[in-house]
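Please have the sequence and the coordinates open while following the solutions.

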Amino acid sequence: MSTKTRKITTTAVIMALVYVVTIVLVIPVPAIRGAYFNLGDVIVYCSAFILGGPYAAIAAGIGSGLADLTVGSQIYVPATIVIKACMALIVGAMTKKSNSVKQYIIACVVAALVMAFGYFGYETLLMGIGGAILTLVPNLIQAGCGAALAIVLYHPMLMMRKKFALRSAI
């Protein structure tokens with residue numbers, strides 16, 4: 001199988017994994033219609049480290065966007081596609097030339113902040129600053145938990161990255 005075919009099929013599998021992990025545990029955020037906690041970010045971070053930013057961005061954006069459609073959060077689909085893709089691009093770019101756990105931690109934290117403040121910006125447009133402030137803490141909690149779990153998975157992800165070597169020809 002060619003490297004390109006491997007990347008495309010791996011991207012499709014990761015897209016499905018992002019979708020499934022996102023919808024498996026949906027915990028609605030009280031008083032914020034359409035907002036919910038999920039664990040999909042863990043897959044976003046890990047896939048970006050293994051696969052690289054561009055392919056992981058496609059998987060993260062589409063998988064997460066489809067999850068929003070499935071759970072009834074249609075209003076968030078446009079923001080989710082962009083924000084989750086940006087998260088993957090950030091982790092992929094910041095870890096492209098490094099297998100350092102420190103670099104991976106920094107990348108996950110930066111991507112987590114982009115997620116929380118990306119939704120804050122979008123929600124400010126939707127419901128004003130007051131409503132957006134209500135979602136900032138839950139978004140920071142979700143982002144932080146996702147980053148923490150992804151960091152715990154660093155060593156298995158490093159082994160997968162070396163085994164599959166999908167990033168080399170991106």
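Helix axes are here lines fitted to C-alpha atoms over the stretch in contact, and the angle between two of them, taken between N-to-C directions, runs from 0 to 180 degrees. The model is a predicted one.

**Exercise 1.** Determine how the axes of α2 and α5 are arranged, and which residues bring the two helices into contact.

Solution. The first step is to take the axes themselves, which for α2 and α5 come within 10 Å and cross at roughly 130°.

**Exercise 2.** Carry out the analysis for α1 and α2, beginning with the angle at which their axes cross.

Solution. The axes of α1 and α2 come within 8 Å and cross at roughly 160°. Since that value makes α1 roughly antiparallel to α2, the remaining step is the handedness, and α1 passes α2 in a right-handed crossing. On the α2 side the contacts are made by Gly40, Ile43, Val44, Ser47 and Leu51, which meet α1 residues including Thr10, Ile14, Leu17 and Val21.

**Exercise 3.** Decide how many residues of α2 are buried, and which helices they pack against.

Solution. Helix α2 covers residues 40-51 and reaches 16 Å from its first C-alpha to its last, close to the 16 Å expected for its 12 residues. With buried taken as under 20% relative accessible area, 12 of its 12 residues are buried. These buried residues pack against α1, α3, α4, α5 and α6.

**Exercise 4.** Compare alanine 16 with cysteine 46 by finding how far apart they are in sequence and in space.

Solution. Alanine 16 is found in helix α1 and is partly exposed, with a relative accessible area of 42%, whereas Cys46 of α2 is buried. Alanine 16 and cysteine 46 are 30 residues apart in sequence and 14 Å apart in space, C-alpha to C-alpha.

Methods
Residues are numbered from 1 along each chain as its sequence is written. This is a predicted model: local features need pLDDT of at least 70, side-chain atom pairs count only at pLDDT 80 or more; totals for chains, interfaces and linings use all residues. Side-chain values use heavy atoms; hydrogens and water are left out. Helices (H or I, at least four residues) and strands (E, at least two) are DSSP runs, numbered from the N terminus. The expected span of a helix is 1.5 Å times one less than its number of residues. Buried means under 20% relative accessible area, exposed over 50%, partly exposed in between (1.4 Å probe, protein chains only). Contact means heavy atoms within 4.5 Å. Angles under 35 degrees count as roughly parallel, over 145 as roughly antiparallel, 65 to 115 as roughly perpendicular and the rest as oblique. A crossing is left-handed if the near helix is turned anticlockwise from the far one by less than a right angle, and right-handed if clockwise.
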